[in-house]
Amino acid sequence: MAYDGTMIEEYLVFPLYLFYGMAFFAMGVSITSRDTRASQLKIARCLWLFALFAYTHALLEWYSLYLILYSVSFPVDLLQSVNLVKLVLVLVSFSFLLLFAVSILGIVFPERKNTLYLTVPTLVFLFFAATLYRYHGSAGFSFSVADLSIRNFIGFPGGVIAGLGLILYSQTVRHISRRGALNFLGAGISLASYSVLAGLVPSGGALPLLGGPIELYRGFSALFILYFVMHALHIFDVERKQQIEERLIRFAQSEKLHSLGKLAFGIAHEINNPLGNVSINAELLKNDLQSTDQFPLYEKRLIAIERNLDRASKIAKELLFFSTNKETDFQSTEIDEILKSTLELLGSRRNAYDINLSLMATGPISAIPWKLEEVFLNVILNAMEAMPEGGRIGIASERRGARVLVRISDDGPGISSDVLPNVLDPFFTTKAVGKGTGLGLSICFGIMEMHGGSIELSSPDGAGTTVVLDFPIGAKNDV
Ligand code: ADP
Ligand code: MG
């Protein structure tokens with residue numbers, strides 16, 4: 001026989017190899033046709049390796065079909081080169097699978113990423129080189145031996161590791177879609193089985209125990225991989241939908257706060273004048289009465305009036321922070337310095353707290369320093385008020401690309417999930433009457449908007465609160 005043949009019935013050869021190759025080609029197409037640029041899923045960044053494996057594998061199957069059908073009529077000297085081409089295709093294709101396997105392991109075990117990237121391929125290729133060397137020049141060397149050792153030492157570990165990697169990875173996407181996770185699991189299992197069939201059993205052989213041509217089983221498992229991979233890729237649609245929904249919710253929230261802020265600002269502005277008027281008159285009345293002997297009779301009432309006036313004007317003043325008129329006070333500001341000066345402002349209040357400061361020299365941003373102080377002060381005071389008996393407060397700054405992140409966390413009781421969506425609303429407070437105005441965080445929101453940044457509160461598992469303040473390095477001055 002001219003070519004390392006096959007024991008499939010002749011009439012089966014053509015459809016079997018055709019569909020086998022098509023399954024892999026379709027896998028490649030379904031991956032590369034998907035737009036995963038916006039995806040946060042780490043697998044999106046290494047799927048191209050799997051797509052390259054699939055395309056080269058499709059090419060390999062179709063090339064094999066071509067050889068089975070026509071190599072009988074090839075001149076002997078041409079056979080060497082066509083067999084070599086096939087060998088190269090096997091090697092390239094399974095190498096992509098191995099690289100994909102290592103990348104997905106790196107995703108599942110990020111802390112061992114570098115070791116994995118280095119050791120797994122090195123070991124595999126060393127084994128492979130050792131077998132080739134053993135046979136090289138000996139009578140035992142043939143294309144089928146080389147083909148089998150590529151399959152044994154690259155294809156088999158590549159497929160099994162990639163399969164296991166996909167199985168482990170499926171657990172990490174369960175929170176996005178359970179069905180997606182199941183499909184990743186299915187893809188992992190069928191890929192691992194395929195690698196046993198294609199990596200351990202030589203081509204042209206029969207399946208041990210069950211019998212029947214190995215190509216038939218490989219073809220079927222290729223179809224299974226295709227089915228599961230195509231369905232697993234739907235996870236990107238689900239993720240996209242979630243991203244859009246989140247953005248819409250955030251947008252609606254920000255719109256709502258924006259218009260509430262404007263309304264509050266308008267009211268505060270209107271109320272401020274009459275309040276000032278009342279204050280002056282109360283003051284005059286007090287002076288008038290002080291000189292009469294009836295004063296002790298009215299003193300208590302007057303003090304109550306003054307206290308409530310103070311409170312009303314304090315609220316009106318805080319509301320004015322919503323002012324979104326053009327700010328010209330933007331200047332180059334070191335966030336780390338502002339954080340330190342905010343802590344100084346707190347004076348002895350901070351003694352009861354274990355404040356863990358971790359500042360990463362974030363560099364200057366364009367901001368209004370005293371407004372940032374207002375933000376940090378509000379957030380830190382909230383943390384302190386959440387832990388009246390004292391506790392741990394973490395304050396960390398970090399530069400990430402073109403942004404600076406400030407993270408302020410506490411070990412307090414946290415914010416329950418039904419309260420969390422409301423905390424930024426003006427006047428929303430869970431504190432006792434007279435204790436909280438409910439304005440702190442909405443003022444922070446307004447100031448963060450003014451700086452083109454954002455504020456996000458989270459309370460994982462309802463224990464402790466983390467506030468993330470996200471500033472762009474170049475400010476949005478035109479708010
Ligand atoms: P106030 O502090 O006047 O109540 P804020 O706007 O500052 O108003 O906060 C609104 C609400 O958000 C608070 O009443 C509280 O329920 C919740 N909150 C804010 N920060 C924290 C925190 N660190 N821990 C627990 N709850 C918090
Ligand atoms: Mg507050």
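User: In this predicted model, why are α5 and α6 called roughly antiparallel to each other?

Analyst: Take the angle. The axes of α5 (residues 143-172) and α6 (residues 178-199) cross at roughly 165°. Angles over 145 degrees count as roughly antiparallel. α5 and α6 are therefore roughly antiparallel. Their axes come within 7 Å.

User: What is the hand of the crossing where α5 passes α6?

Analyst: The crossing is left-handed.

User: Which residues show that α5 and α6 meet?

Analyst: From α5, they include R151, N152, F156, V160 and L166. Among those from α6 are F184, L185, I189, L191 and V196. By class, this contact has 15 nonpolar, eight polar and one charged residues. Glycine counts as polar, and G155, G159 and G163 of α5 are among the residues that meet α6.

User: What makes α3 roughly antiparallel to α4?

Analyst: Again, compare the angle with the cut-off. α3 covers residues 76-108 and α4 covers residues 113-135. Their axes cross at roughly 150°. The limit is over 145 degrees, so the pair is roughly antiparallel. The axes come within 9 Å. α3 passes α4 in a right-handed crossing.

User: Which residues make up the contact of α3 with α4, and how many are nonpolar?

Analyst: In α3, L91, L98, V102 and L105 are among them. They meet α4 residues including L116, V120, V124 and F128. By class, 11 are nonpolar, three polar and one charged. Lys counts as charged, and K113 of α4 is in the contact.

User: Why is α8 called roughly antiparallel to α9?

Analyst: α8 (residues 234-290) and α9 (residues 295-319) pack at an angle of about 160°. That is over 145 degrees, which means roughly antiparallel. Their axes are 9 Å apart. α8 passes α9 in a left-handed crossing. The contact has 16 nonpolar, four polar and three charged residues.

Technical notes:
Residues numbered from 1 in each chain as written. Chains lettered and ligands numbered in written order. Predicted model: local features only at pLDDT ≥ 70, side-chain atom pairs only at ≥ 80, totals over all residues. Heavy atoms only, no water. Axes fitted to C-alpha atoms, helices over the stretch in contact; angles between N-to-C directions. Helix = DSSP H or I, 4+ residues; strand = E, 2+ residues; numbered from the N terminus. Parallel < 35°, antiparallel > 145°, perpendicular 65-115°, else oblique. Left-handed = near helix turned anticlockwise from the far one by under 90°. Contact = heavy atoms within 4.5 Å.
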